[in-house]
Amino acid sequence: MRVLLVDDEVELVSAMAERLGYRGLDADWTDNGEDAIRMAAETEYAVAVLDMKMPRMGGLELREKLAFHHPGMRFIFLSGHGSESDFKAGCAAGCSYLIKPIQLEDLVDMIREVVGEELS
Amino acid sequence: MSIFDKIKPQFLETDSGTGPAKNLFDYRRIWRKAVAVLALVALVPLCVLAFIDYNVTRHSLESETLLRTARTTSNARRTVAYFLEERTKALDFLAEHQGIDKLRDCDNLAKVLESLKSSFGGFVDIGIIDSRGRQVAYIGPHDLLGVDYSTQDWFENTMSQGTSISNVFLGFRDTPHLVVARKVYDAKTDKVYILRATLDTGQFNAMLTSLDLSGGGDAFLVNKEGVIQTPSKTHGELLKKVDLVDIPEFSEKTSVRQVRTTDGTEFTVGYAYVLGTPFIVMVVKETAAMLEPLKAIRMELLWMLSLCVAAILIVITWVATYMVNKIYIADQTRARTLHRMEHTNRMASIGRLAAGVAHEINNPLAIINEKAGLISDLFIYRKEYAHDERLLANINSILDSVSRCGRITKRLLSFARHIDVEMASIVFKDLADEVVDFLRKEAEYRSISITMDIPDDLPEFVSDRGKLQQIFLNLINNAFQAMNDGGSLYIAARAITEDRLIFSVQDDGCGIPEADIKRIFDPFFSTKKKTGGTGLGLSITYGLVQELGGTMAVESEVGKGTVFTITMPLKGARKA
């Protein structure tokens, strides 16, 4: 199962990808939305973990574009900002939502959960 | 509670406070000013008008009494003058037609007297006096033939002026009478005689007493020396000097004066000189008696005036009280609204600041988290790094600290977030925990023990989370300020009925004096003004509770502590 991580903080996202790797999840990462779309076109990702607030293209916009091309893709939002409107928007999109800083185990559980829903 | 307490306007209780806004909020002063100005504007013209009206009435009444007196005096003068003139002319007629010879004949003279008595009346006797003053013929009740009149005033006057009318005098016969005399020139003997008749003063008296003198006046004759000639009721005896002041100078016209006697009574006196005689008609009336109607008018005026003044004062007081109370209520409402807005704004700013800070910290925190996690993973999953327990323990403590920081920023974010939120479903226990968590540190430092008695099965309810948090935070803060170190705070919540939740915050602090309890919810009422209290905390809390459709009550005992009890509706909270 491949996972795509998108976050503008390179340090954060690279470390996260490596840690997911140790837990048996193949994770690719990028720090912007344009690259993410390109990478998704080349590789099949089961889950995309998106940061809410990113320069140029935000998490919600990116999700719409990815979902358009890859209808089977699941999404998990990450945010450092506890804004209620973001939370509502994220939930309305039918996705899961985590607030930074996260426990990696929570993320792994959530990834398995959203994929598991698909499989069952 | 007395009636006054019920109708007492709210502003009476207020404290005008101190500082530059003192006059702005001194409602009693505004009220006093309003009443004074309104009363002045309304009452001064009224009083001036009443005064003017009274004076005009008095003047017209006075001038009317003067005029009436003048008219009566003139009438009396005319009557007296006519009476005397008639009798003088009768003597003239006798002198012209009878001639001195015939008149000296006593029989003829007796006939003449008889006819004078029957046709004119008032004649007592008649006589002829020669140029030396000796009476040469006389008909009458007294034996006066041969009497010498040469020394008497009337004789000299007649000799010099042709006719004369004497003063009233007693004369030889000792009864008051007056003399009418005329000089007669005898052509045959070329001698001068005087035809003299005595008039009865009774007719005079009758004439004057029959005058219509309303209000108990007095009418009589005096001569030029002021000696009373006909009987006066109250102003002196016959042939005595009149007790009123000096007789005025001769004037053809009637004159009226106000005269004050020595005993202080004021009289209105009319004088009229009777032409060709020594007499002056005097009509004397007591001024006070004539001005009797004025008293009635004055009473009526005073009565009406006091009634009007009382009515105006009542209306003014009522209107002023009503208006000032309205101003007071408007000011209170405005102050409450303004300060609630200010408070909300401040809370929103703090919220935005907190959210910004939390967000800024969250990202580096996440990086620390991931990096530390990665190191930990490396030690666990990669064989080239030794499985060093000590390093792992350090990394775990970093991770623990990060997660603690994360909890704090998350709580900060959730607190800030709720400021903008309107309605949300609330589990009261969570909300109370959240708020109390904020103050737990302070409580620990001050060793205040917090006891929470909130059952788990309280129903969830829909309300404004932010406002509820503020209410709760304010109450607990308030309790903290009232308590000494080492106090205890007791927070309890119950669902009393299906649709109402009651919760109370009880402290064992200083308590609130009885006198202040009514005012603690007023804006700006504070017992801590010197230490920087604004007096807004409880007023804002009260406002918030009302906005949420709840009620707030307070019970307090000085030295024992205070309980604030808030009842909130569980459903259908009013939209704020």
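**Figure 1. Surface and fold of chain A in the predicted model.** The accessible surface of chain A comes to about 5500 Å², with 50% of that area belonging to carbon and sulfur atoms. This structure is a predicted model. Chain A has 120 residues, of which 52% count as buried. Five helices and five strands are present in chain A, and from the N terminus on their order is β-α-β-α-β-α-β-α-β-α. Among contacts in chain A between residues at least 6 apart in sequence, 62% join residues at least 24 apart.

**Figure 2. Strand 4 of chain A and the strands paired with it.** Strand 4 of chain A spans residues 74-79 and is mostly covered, with five of its six residues buried. Strand 3 of chain A, residues 47-51, runs parallel to strand 4 of chain A and is joined to it by five bridges. In this pairing, A:L50 stands opposite A:F77 of strand 4. Between strand 3 and strand 4 of chain A the chain passes through helix 3, residues 59-69, and this β-α-β crossover is right-handed. Strand 4 of chain A also pairs with strand 5 of chain A, residues 96-99, in the parallel sense over four bridges. Here A:S79 stands opposite A:I99 of strand 5. In a regular strand the side chains alternate between the two faces of the sheet.

**Figure 3. The loop residue A:R56.** A:R56 belongs to the loop between strand 3 and helix 3 of chain A. Although A:R56 is not a glycine, its phi is positive, at about 65°. The relative accessible area of A:R56 is 66%, so the residue counts as exposed.

**Figure 4. Overview of chain B.** Chain B contains twelve helices and 16 strands. Of its 576 residues, 43% count as buried. The accessible surface of chain B comes to about 31400 Å², and carbon and sulfur atoms account for 57% of it. Among contacts in chain B between residues at least 6 apart in sequence, 60% join residues at least 24 apart.

**Figure 5. Helix 2 of chain B and its kink.** Helix 2 of chain B covers residues 27-104, a run of 78 residues. From its first C-alpha to its last, helix 2 of chain B reaches 108 Å, close to the 116 Å expected at 1.5 Å a residue. A kink of about 95° is centred on B:Q98 in helix 2 of chain B.

**Figure 6. The surroundings of B:Y185.** B:Y185 is part of strand 4 of chain B, which spans residues 177-186. With a relative accessible area of 56%, B:Y185 is exposed, because the threshold for that class is over 50%. Leaving aside residues up to four places away in sequence, B:Y185 touches B:D190, B:K191 and B:V192. B:Y185 and B:I100 are 85 residues apart in sequence, while their C-alpha atoms are 7.8 Å apart in space.

**Figure 7. The loop residue B:S447.** B:S447 is found in the loop between helix 9, residues 428-445, and strand 11, residues 449-453, of chain B. The phi of B:S447 is near 40°, a positive value in a residue other than glycine.

Note on methods: Residues are numbered from 1 along each chain as its sequence is written. Chains are lettered from A and ligands numbered from 1 in the order in which they are written. This is a predicted model: local features need pLDDT of at least 70, side-chain atom pairs count only at pLDDT 80 or more; totals for chains, interfaces and linings use all residues. Side-chain values use heavy atoms; hydrogens and water are left out. Helices (H or I, at least four residues) and strands (E, at least two) are DSSP runs, numbered from the N terminus. Buried means under 20% relative accessible area, exposed over 50%, partly exposed in between (1.4 Å probe, protein chains only). Contact means heavy atoms within 4.5 Å. Accessible areas come from the Shrake-Rupley method with a 1.4 Å probe; for residues, only the protein chains shown count as cover. Two strands pair if DSSP finds at least two bridges between them. A crossover is right-handed if, with the strands pointing away from the viewer, the path from the first strand over the helix to the second runs clockwise. The expected span of a helix is 1.5 Å times one less than its number of residues. The bend at a residue is the angle between axes fitted to the seven residues ending there and the seven starting there.
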